[in-house]
2 protein chains.
Amino acid sequence: MEKCNVTIMPENKIVTVTKGSSLLLASKNAGIYIDSPCGGQGTCGKCAVKIISGDVIINSDNHFPQELKDKGYVPGCQVKIDRDMIVEVPAFSRLTKHKVMLSSKRTKFSKDNDYFAKAKMNPVCKKVLVKMKAPDLLDNVNDADRLRAALAKQYAIKEVKISLGVLRNLPNLLRKGNWEVTVTLVEAYGNCEIISMEPGISKKPCYGLAVDIGTTTVVVNLLDTANGKIIDKAGTYNKQAVYGSDVISRIIYTDENSRGLEILQNAIIESINELIDEILVRNDLHGDNISAMVCAGNTVMSHMFMKIPATFLRLEPYIPAVTKFPVLKAKDLCLNINEEALIITIPSIASYVGGDITSGVLATMLSKSEKITLFIDIGTNGELVLGNSDWLVTCSCSAGPAFEGSGISCGMRAMDGAIDLIEIDRLSLEVKCRTIGEIAPKGICGSGLIYSLSEMKAVGIIDRAGKIVENLSTSRIRLGSEGMEYILAYADESSCNKDIVITQGDIKNLLRAKAAIFAGIRTMLQQVQLDIHDIERVYIAGGFGNFINIVDAINIGLLPDLPLERYEYVGNSSVQGAMIVLLCKDAIIECHELADRMAYLELSVGNLFMEEFVSATFIPHTDLDLFPTLEST
Amino acid sequence: MEKCNVTIMPENKIVTVTKGSSLLLASKNAGIYIDSPCGGQGTCGKCAVKIISGDVIINSDNHFPQELKDKGYVPGCQVKIDRDMIVEVPAFSRLTKHKVMLSSKRTKFSKDNDYFAKAKMNPVCKKVLVKMKAPDLLDNVNDADRLRAALAKQYAIKEVKISLGVLRNLPNLLRKGNWEVTVTLVEAYGNCEIISMEPGISKKPCYGLAVDIGTTTVVVNLLDTANGKIIDKAGTYNKQAVYGSDVISRIIYTDENSRGLEILQNAIIESINELIDEILVRNDLHGDNISAMVCAGNTVMSHMFMKIPATFLRLEPYIPAVTKFPVLKAKDLCLNINEEALIITIPSIASYVGGDITSGVLATMLSKSEKITLFIDIGTNGELVLGNSDWLVTCSCSAGPAFEGSGISCGMRAMDGAIDLIEIDRLSLEVKCRTIGEIAPKGICGSGLIYSLSEMKAVGIIDRAGKIVENLSTSRIRLGSEGMEYILAYADESSCNKDIVITQGDIKNLLRAKAAIFAGIRTMLQQVQLDIHDIERVYIAGGFGNFINIVDAINIGLLPDLPLERYEYVGNSSVQGAMIVLLCKDAIIECHELADRMAYLELSVGNLFMEEFVSATFIPHTDLDLFPTLEST
């Protein structure tokens, strides 16, 4: 097949691709990730590039902002490479280092949700020193049974499999260690196996990984499983992001491309492997030193992680292929750790309530408390759990990724240059913005959008229905190409060469997103015949949840109007649950029980959710009685 | 690396090999197998070749027969290829089609050892048709659990694993089959797994293989596991033969060559794969149609089959790495069947009592009868089992491969041209020989050797100590290069260009071999305080045992002097046991119980065996009371 060279500026990086490839792919191959939340459909207008040389074919630029067109930019996803070319990828089109929430805010946890205060540590992988008597003509038991007998005697381990790899080294290692060896044992669902062996006493601890596979970001924690200490952490983008910002667009990608599923699996495996490599190098370890990995992810991510098609999750009646995922070996998935290492995936509950939620419920221990608790994970989607030790209900509100900046004209992820806080002067309607990294603004992230909505409502720029009020005496409100808009930052203040605005369309999207979540909460409550004030505790989980301002979220009607002391941030509870499962081998059984216990509420059945949704698209709500503290302001 | 071309005549086959390779390897690469029972050590003198062109380096020809040297032959294993050459490989140096005992002589079995007369057929692999209700919004259970629920309801199958490969196809196949699929289930040790799936009703039966991995030959039987019918059979040499004729020389090969173990594993896997391919083609099947394989082999073969080093089986105190072999998947061993197919290996008892013996005991059901039974498997080695339903003793007599023709000057395997029966005229001492295939004789096989010994003793050519009597009036007795010898066929009658003789050295080797087996029987009997006449039944198993003449074997003191009606040929009981395990999944548990029950007698401990051995090196024995029927003749 014919090849073309693409030079990417300003790095001057040259990549060779097959003629006909897209520029997104070429750029990815060069290690430069162009933001493309719509998955290369040409609808989001975020992947602006400038062609420096080479006549190129642009498939379509219908949805591409006129402002950028005027400045010579074209949509990168629509560039088909049919000859050598030079292209500039501007900073504002790139995925840069993201605020990946690595750490769990454990300090904010109450004392009653520290799992190991109640459970014994009993890790999925561990090393034990085994001593045997040397064989002779009268005691001529074979090597494998000799080892098994010693394990039974010293550690009361009855049934143990020995991996083929270990069997192949067993005779030499036993004799090299003079009948004293350190074995690495892994166990899941009661099946115990020796996956590696060292002669004599091992010099390295036994390591395991806890992994959170998010739609947007991936987090890997390295633990010493003997003491539960977190040795290192790493986080990055999910490389799948270039194929679509949400799970639906990624499923579509797998359905529309013959090798799509394989490509998406490779992307997620690559994302994880890169983090593993980073951690290995930093800690002077070899992949073989890592003996287990526990993964938590939403249902679609867990499917794609294993290359199981998620096609039917997207089509009514929304059926996953599997929710109780098999235990795999690292070699099954080409993960860069010991090839026999166990890969345990936390079970999902339904198509849109995944293992990350099961994991979060495990970590927060809400299912063990009498307090009626609401668990909210606002990430690329919004998942809710309501319940206590007696009952549990869960649902998924198709809130969409608006709070992650997707589908919002100037929306972006929470990375450097994102406006995350604003203040509007009540009289002049002038605005002050704070950005992440305190650099010139480039766009608005989720928390910035909530602030904006709350502030714009408070100062009267928008009304209760979210409509931008015309004829106010400020030049910051104007008629844009898609209706009214409010300017947060002018092009000359920004780092993206264009005005940063919130449009009427953006507000509509945000209201839909917040309404979906609030309606989900209300629908669940009605299902169990409770009221908002019956909620005794609210856990806010997820990468986005960590940066949210609760007062403003209540102001816009995203979160219920409850006393602030009932709210608690729990951080990345998905990776916390994965760590618990890694350190306590019985916790995976508990996850299965949790998944079975949680009653899944399919919101698309019946009219209740739709009615609640419509009522919730106002600020804060059509029924102001639901927000008593706001009424008084 | 530099390459050389080797042309092999008379085929005119050209192979290219790295300079420095041995001619044995070059010939093997050309698909021509040169007989080399010593494993290329240059000591057996069986690999004669003629160099047609090209000056070659002969490492050593010290042990090579002068007769062949005179005719221009050189030892093929000692030819190092350092330039292009043409070489002739004569027919008598080649491994040809062998009398591989494919079938079990089931007709000769007594009624009380038909396993399935008492056990229910319940195969390791089977296909079942599963019907499900289509999901909807209210019944939105995931695909995997829907399938599991149907299996539980229709077939009472509770716990079932679904292989990753099936999971990946599950969503599409369920819908393609309109919620009706045929699944292939495999089960071993209580672990049930779905390894393949077809939409709707399957058109193919469920197939499994029973394999006997012998040191010399490999046999594969294809079975329809639904009805237990043997669909096809195939047998061939174990390709390992070129690396040594017995297990000891093969272990030495693995110890002395860095990639030796890998080479020997490849050889056995290749041998099996070729038989599988032969069967697949003949029956118009695809490898994927085969879902399980049960293997029986001696302990060394089972180790090498899995690439587990057998090094320490050869060194005192003779310890195997493992006797209870793990259940593997076909993909672990690169076998040409469904990659998820179960590979079950029958457990060994000790280093030199292997899974073939466990399998034989299972098949003959001697452990279920009250009759005291002696089970003898004379193959490359001699293994014995003695016992009944109350007790079982087993041992291995290092008889060596003399009865397979190895270490015997004109010895050969039971293939075309092998003398298998002789008759010596009492007066003239002239001899008539019968050969396999009724062609000009090429050598003598095991049964021929037993006949010869028996006849030579009967006519007085040898005395009770096996010494060739000098000064008899026949030109057939002469002084050869290595002492006295008796000529069975002259060079001009033979197809190997040399006299076919039995030398004094051959007789010594044969007496040692038969003495080892008889001494083994006696030592076992003494261990349980029984006499020879207490043996109520003798089962003769193994490829060689099938062709043995019991009267002559008793005459030379190889087999005990018991009424002939107590003897029963059981044929290849190793493959029979493998078939039973394939058709009855609980039989593998029974094999483990058998292996545990059999008390292994290490003959090298104490003096008893050695004393018995020395007494048994006479014909038939020093103690003639042990052979009462012979005394009277």
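## Two chains, questioned

In this predicted model, three strands of chain A, in the order β22-β21-β23, form an open sheet with mixed pairing.

Q: What makes β22 and β23 of chain A the edge strands?
A: Each of them, β22 (431-435) and β23 (443-444), pairs on one side only.

Q: How do you know that β21(A) and β22(A) pair?
A: Two strands pair if at least two bridges are found between them. Strand β21 (residues 418-424) and β22 of chain A have 5 bridges, in the antiparallel sense. The pair therefore meets the cut-off of at least two bridges. Within β22(A), A:R434 stands opposite A:L421.

Q: Which helix lies across β21 and β23 of chain A?
A: Helix α11 (residues 446-458) of chain A does. The helix runs at about 15 degrees to β21(A).

Q: Which residues of α7(A) are buried?
A: They are A:L261, A:L264, A:Q265, A:I268, A:S271, A:I272, A:L275, A:I276 and A:I279. An α-helix has 3.6 residues a turn, so residues three or four places apart point the same way.

Q: What covers the buried residues of α7(A)?
A: The cover includes strands β12 (207-213), β13 (217-224) and β14 (229-237) of chain A. Helices α6 (247-256) and α8 (299-305) of chain A are also included.

Q: How do you know that chains A and B are related as by a two-fold rotation axis?
A: Chain B can be laid on chain A by a turn of 180 degrees, with a shift of 0.0 Å along the axis. The RMSD is 0.1 Å. The two copies are thus related as by a two-fold rotation axis. In chain B, the C-alpha nearest the axis belongs to B:N191, 5.6 Å from it. The same surface serves both copies, since 100% of the contact residues of chain B recur in chain A.

Q: What makes up the contact on the side of chain B?
A: Chain B gives 39 residues, and chain A gives 39 residues. On the side of chain B, the elements that give two or more residues are α4 (143-155), β9 (161-162) and α5 (164-176). Helix α5(B) gives the most, with 6 residues. The residues of this side divide into 23 nonpolar, 6 polar and 10 charged.

Q: Why is B:I507 called buried?
A: A residue counts as buried if 20 or more other C-beta atoms lie within 10 Å of its own. B:I507 has 27 within 10 Å, so B:I507 is buried. This residue is found in helix α12 (residues 504-527) of chain B. Leaving out residues up to four places away in sequence, B:I507 touches B:L453, B:I462, B:G466 and B:I502.

Q: How far from B:V160 is B:I507 in sequence and in space?
A: The two are 347 residues apart in sequence and 59 Å apart in space, C-alpha to C-alpha.

Q: What joins β24(B) to β25(B)?
A: A hairpin does, through 2 residues. Strands β24 (residues 477-480) and β25 (residues 483-489) of chain B pair in the antiparallel sense over 4 bridges. The bridge partner of B:G480 in β25(B) is B:G483.

Note on methods:
Residues are numbered from 1 along each chain as its sequence is written. Chains are lettered from A and ligands numbered from 1 in the order in which they are written. This is a predicted model: local features need pLDDT of at least 70, side-chain atom pairs count only at pLDDT 80 or more; totals for chains, interfaces and linings use all residues. Copies are superposed by least squares on the C-alpha atoms of residues with pLDDT of at least 70 in both. Two residues are in contact if their C-beta atoms, placed from the backbone, lie within 7 Å. A residue is buried if 20 or more other C-beta atoms lie within 10 Å of its own, exposed if 12 or fewer, and partly exposed in between; C-beta atoms are placed from the backbone. Ala, Val, Leu, Ile, Met, Phe, Trp, Tyr, Cys and Pro count as nonpolar, Asp, Glu, Lys and Arg as charged, and the others, Gly among them, as polar. Axes are lines fitted to C-alpha atoms, for helices over the stretch in contact, and angles run from 0 to 180 degrees between N-to-C directions.
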